[in-house]
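Please look at the sequence and the model below before reading on, and keep both in view. The explanation moves from one chain to the place where two chains meet.

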Amino acid sequence: MGEPANDLPEAAERRFSAGAFSSGLSVPDFAACLEMGLEPVGFVQGFCAMQWGWYGMSGYQRGMSPYGGTAGGYVENYQCPHGMRSVDHRSWGQNYQQPWVEKAWTDGFASAYSRMLEEATALGADGVVGVVDTFAHLSEEGVVEFHIHGTAVRVQDAPPTVLWPWTTYLAGQRLAKIFEAGYVPVCIVAAISSVRVWAYCVTEYLMSRGGVSAWSMDAEVTEIEQIVSARTAAREIVRAHARGVVGGDALHGVDLAIREREFEQGDLEIECLLRGNRLRRFKDFDPLPPPQPTVRLS
Amino acid sequence: MTNPELPKESPDLKAEVRRAVASLADTPRRGDSTTSDLSIDEELNLHSIGWEPVELVSGVSVFSVPWRVWSWGQGEIEAASAAHAQAFRYAIARIHSEAAGAGGHGVVGVRVERAVHATHIEVSLLGTAVRPIGAVPVAPGEVFVSDLSARDFALLVVSGWQPLGLASGASFVYAPRRAVSAVLQQRTQNVELTNFTEAMYSARETAMARMQETALALKGTGVVEVKVQEGPMPFATHAVAFASWGTVVRLANNVHRHIQPKMVVSLDDPVLLFDAQTLG
């Protein structure tokens, strides 16, 4: 992810210099951090509220760009096999990536993230552990608030870091296991993909009535290719975004959340949000012996 | 000579953390990029049996169902059962293909999401492709897909078993409507609605049989971690659904290895919660 920002509020600077530390860690996680030589120095946060310019496009925009697509992004066109029927007949369909949605989301997340890093840097931290990110819709107009926070830590008896602080969603014993397994956290990774589906007549018919021979009881079932294609693309795009950030490192503990909104029959917006920990190997793996199964008597 | 029974000497964790963090300033070690949704415990379990995660993979499918099929009829709703089977088959084929393309020999921890709508049935699979450490890629047909967690997969392998694939079965059955006279007669009675009970039994037997047929086709000897979902659907008040799926397994070398778990007694005191309901 990005570098620290440079717009720390003056009040925050005064608070950080007050002397007492704050932490979002639970007591077990706090104890585990001390065992690892990670000294909490402050609870750091970053905020950003973003508005989407074209968020939630409505039906009247249909027909603006049947084959234009989005530059460099995923686009697939679908042509009606029936010929001209009526003005209501969906003679074309299109799946396309929405880079402006992805960019707005990525910019909002990156701004909140860099502001959190700025606070950590101001505290002289080497890293931020136990990162939590939340996204809340502030209104119906496509305004989203990004809030990212975590506990800034300093590595005891280590020289000051030359880079900006490393970050991880992990804390406590899970973080300790990461280090023992030969990994070091680099940063959290969050990526989003957004794919819009304008259904053409076949997709609309299959999604609304379920079959071309809807009046027949023994109609054959068929795969709804346009929807499958869009869903597959959304999942592939978000993984490609994440791979682009990770480089040769490992992306670990990934959570992939999928959200779909249906505007009309077959007209969908598919969003995939992927989050995980970017880890780098610092020593060769020393595998554990096969674990010993136990039966707990209680 | 070291005694394998003795635990390894614990590294100085603080020194390890200092070394790890200092390495961030160095040029990164060259390595293959991997993506996984496994926890660190699951990854350690995998490594302990000589396997590693490779890539997050998915497979989706959506099949149409003519909406009129839900309303009136007798016996099985064949279009819906066929759509469910096809959606599973296509989603599995796609996750096989993605896993093989990433160099995986199998997929573990597969999250199975399915949804039945009046006009279509959706199946979505998401999991982590895994392989024996450093193994060469295999063909898509040789990849196994399992909804077992990486921990359970490791336990299965240690006991001499192997997962072969995901088996599923589903059946949608009409619950015949009662005669008007029967409805009126039974209005004020506590009575079993045998039409629904029988429909549910019929759906269950068909679905379970289909799952077993898939397991046998994969040359498995059993299915573990079977999950079932059953019941009526909001858009079809006179139809019931039953779906089941699980991981097909068989012995790897015809010998089950007894893992002989060690009995442990926890010395933790159980936490006693104050129960306000006991106040008189």
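Predicted model: local features only at pLDDT ≥ 70, side-chain atom pairs only at ≥ 80, totals over all residues.

Residues are numbered from 1 along each chain as its sequence is written, and chains are lettered from A and ligands numbered from 1 in the order in which they are written.

Chain A holds six helices and 10 strands, where helices (H or I, at least four residues) and strands (E, at least two) are DSSP runs, numbered from the N terminus. Of the 298 residues in chain A, 44% are buried; a residue is called buried if 20 or more other C-beta atoms lie within 10 Å of its own, exposed if 12 or fewer, and partly exposed in between, with C-beta atoms placed from the backbone. Two residues are in contact if their C-beta atoms, placed from the backbone, lie within 7 Å. Among the contacts in chain A between residues at least 6 apart in sequence, 77% join residues at least 24 apart.

Consider next helix α3 of chain A, which covers residues 99–122. Because 17 of its 24 residues are buried, α3(A) is largely enclosed by the rest of the structure. Just after α3(A) comes Gly124(A), with a positive phi of about 70 degrees.

Gly210(A), which follows α5(A), has a positive phi near 85 degrees.

Two packed helices are described by the angle between their axes and the distance between the axes. Here axes are lines fitted to C-alpha atoms, for helices over the stretch in contact, and angles run from 0 to 180 degrees between N-to-C directions. Angles under 35 degrees count as roughly parallel, over 145 as roughly antiparallel, 65 to 115 as roughly perpendicular and the rest as oblique. The axes of α2(A) and α4(A) come within 7 Å and cross at roughly 30 degrees, and these helices are therefore roughly parallel to each other. In this contact Pro28(A), Asp29(A) and Ala32(A) of α2(A) meet Gly172(A), Gln173(A) and Ala176(A) of α4(A).

Helix α4(A) also packs against α1(B), at an angle of about 70 degrees and with the axes 9 Å apart, so α4(A) and α1(B) are roughly perpendicular to each other. Ala176(A), Phe179(A) and Glu180(A) of α4(A) meet Leu13(B), Glu16(B), Val17(B) and Ala20(B) of α1(B).

The contact between the chains takes 71 residues from chain A and 58 residues from chain B. On the side of chain A that touches chain B, α6(A) gives the most, with nine residues.

A nonpolar core is a set of buried Ala, Val, Leu, Ile, Met, Phe, Trp, Tyr and Cys residues joined through C-beta atoms within 7 Å. The largest such core has 150 residues, and Phe179(A), Ile77(B), Val107(B) and Ala239(B) touch the most other members. Strand β7 of chain A gives the largest share of this core, 12 residues. Leaving aside neighbours within four places in sequence, Val107(B) is in contact with residues including Val57(B), Ile95(B) and Val145(B).

Pro53(B) is found in strand β2 of chain B and is buried, with 26 other C-beta atoms within 10 Å. Pro53(B) and Gly73(B) are 20 residues apart in sequence and 48 Å apart in space, C-alpha to C-alpha. Where does Asn254(B) lie? Asn254(B) is placed in the loop between β8 and β9 of chain B, and it is exposed, with 7 other C-beta atoms within 10 Å. Although Asn254(B) is not a glycine, it has a positive phi of about 60 degrees.

Technical notes
Expected span 1.5 Å × (residues − 1).
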